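This briefing goes through a few local features of one protein model, grouped by topic. Please look at the sequence and structure first.

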Amino acid sequence: MNNNNQEDFVRIFDTTLRDGEQCPGAAMSEDEKLEIAHHLAKMNVDVIEAGFPVSSPVQFKAVERIAREVEGPIIAALARALRGDIETAAKALTPAKRKRIHTFLATSPIHMKYKLGKTPSEVLKMAPEAVRIAREFVEDVEFSPEDGTRSEWEFLREVCEAVIEAGASTINIPDTVGYTTPEKYGELFAFLKANVRGAEKVIFSAHCHNDLGLATANSLSAVKNGARQVECTVNGIGERAGNTAMEEVVMALRTRKDFYGITTKINTQLISRASYLVKTITGMVVQPNKAIVGANAFAHESGIHQDGVIKNRETYEIMTPESVGLESNKIVLGRHSGRAGFRDRVIRLGFTPTQDELEAAYNRFLEIADKKKEIFDEDLIALLTDHSRRTTSAKFHLEYYHVTSGTTTIPSATIKLKVDDVIIEDTCTGDGPVDAVFKTIQKITNINPVLNKLTISPVTKGTDALAEVSVSITFGDRTVVGKGSSTDIVEASAISFIDALNRL
Ligand SMILES: [Zn+2]
């Protein structure tokens, strides 16, 4: 049905690292991006959009590293329809085995007039020109008419024909502002497939935003009308209300194969871990009732439902938790589990730790197992993604802490921090134990950031559960998110705060 692949399936173009990262507070470090990219590759996504290289040297470096180190998926880089952007994207992609330049230019009347200050005929020249430039560097070029859903269809048709002629192999129609509806978006794809000269030579792609809560529905409607690539992010993170959630599209196509008749190549069992990874790295929590990856997505609360599920799961369950990689609350390991069992489980969860990381994680596991009898998958994932504990080279390291708190005492904290190689100890009081801890750390480090947000979430059920703390701080013009986990929420808060300071 198309030029670059005989097989009919929906390609998953993940833009967690580009469009996803664009949302406030989701900035990721290079190592974190790489970790996500490796996991996406393991999930078998078809394309990873790694970033927008011309936008900053940090972006450039991250794209280049992903291009060098991540194998399997096509690595894509974004570029405006400008030679400089395209050359920079091409340069960043150099080490990639499979690469794609994704160039875009607005085609809606409002964007052309007010944003670009260009006439439609100028845009009609610039778009294919950008594709031609990109083709000087790579075989695989994707073009997006930005704000496609608010563009005139006839004009869109002309632009599509021009870029196909210039050598684009994927045409993505972005619903940049989240304005379209499933019926309209589907009609647009049907129109383009039927009327664009050369349409049979390219893959049409959907790119939706969730401003009206329609991103998944719109993307599926596009698929129903011939789109064979969906652009999405893990957990649906992205600007404003976010992008299409990858897990939703993938599971909808899988669960309703009877209706769509087409699926993706995603290893769905790695979805939960992907969600967890993106959640902890970005500090963007997932609402409990979120489809597929929310904490309650597979919880049956009402008695009638529970009874039904026990008799036959299909009474109230359209997908199994196992299909997205959840073996919820099944006890996996305990105090007496050996290294081999631990390693096995870790690998099954989709991690590939080095020997040193594995050893550190195992020791940490034993520590937790002392405090907590049952260790669940979620605990293991938290433990393995706890970055602060993995970086021994960090500037600040928590050696010891002690707090006193109670209804009739003024909360106070004593903290011993290793700063480089020097141990410094100090004490402060505060409004509560966490406040006292933060004040003491600030006193020792002499850094006084603005605390934007502190989120404490239990990883599993029970009062002995691991708690995961994510803290967002701003210092000068930099905002960073630190994370920590412990069975003790005060300790987890301290670790997350120190982690954030280390990131600064
Ligand atoms: Zn977008």
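Tyr 362 and Phe 365 are both buried, where buried means under 20% relative accessible area, exposed over 50% and partly exposed in between (1.4 Å probe, protein chains only). The model is predicted, so local features need pLDDT of at least 70 and side-chain atom pairs count only at pLDDT 80 or more, while totals for chains, interfaces and linings use all residues. Residues are numbered from 1 along each chain as its sequence is written, and side-chain values use heavy atoms, with hydrogens and water left out.

**Aromatic pairs**

- The whole structure contains 8 aromatic pairs; rings of Phe, Tyr and Trp (its six-membered ring) pair if their centres lie within 6.5 Å, and planes under 30 degrees apart count as stacked, over 60 as edge-to-face and the rest as tilted.
- Phe 342 and Phe 365 form a tilted pair, with 5.0 Å from centre to centre and 35 degrees between the planes.
- Phe 342 belongs to helix α13 (residues 339-348) and Phe 365 to helix α14 (residues 355-371), so this pair ties together parts that are 23 residues apart in sequence.
- Helices (H or I, at least four residues) and strands (E, at least two) are DSSP runs, numbered from the N terminus.
- Tyr 362 and Phe 365 also form a tilted pair, at 5.9 Å centre to centre and 35 degrees between the planes.
- Tyr 362 and Phe 365 are 3 residues apart in helix α14, which means that about one helical turn separates them.
- Ring pairs join Phe 342, Tyr 362 and Phe 365 into a cluster.

**Charges over rings**

- Arg 11 lies over the face of Phe 9, 4.3 Å from the ring centre; the test is NZ of Lys or CZ of Arg within 6 Å of the ring centre and within 35 degrees of the ring normal.
- Lys 224 lies over the face of Phe 259, at 4.0 Å from the ring centre.

**Positive phi values**

- Asn 235, a residue other than glycine, has a positive phi near 65 degrees.
- Asn 235 sits in the loop between β8 (229-232) and α9 (246-255), and is buried with a relative accessible area of 10%.
- Ile 292, also not a glycine, has a positive phi near 70 degrees.
- Ile 292 is found in the loop between α11 (271-282) and α12 (303-311), and is buried at a relative accessible area of 9%.
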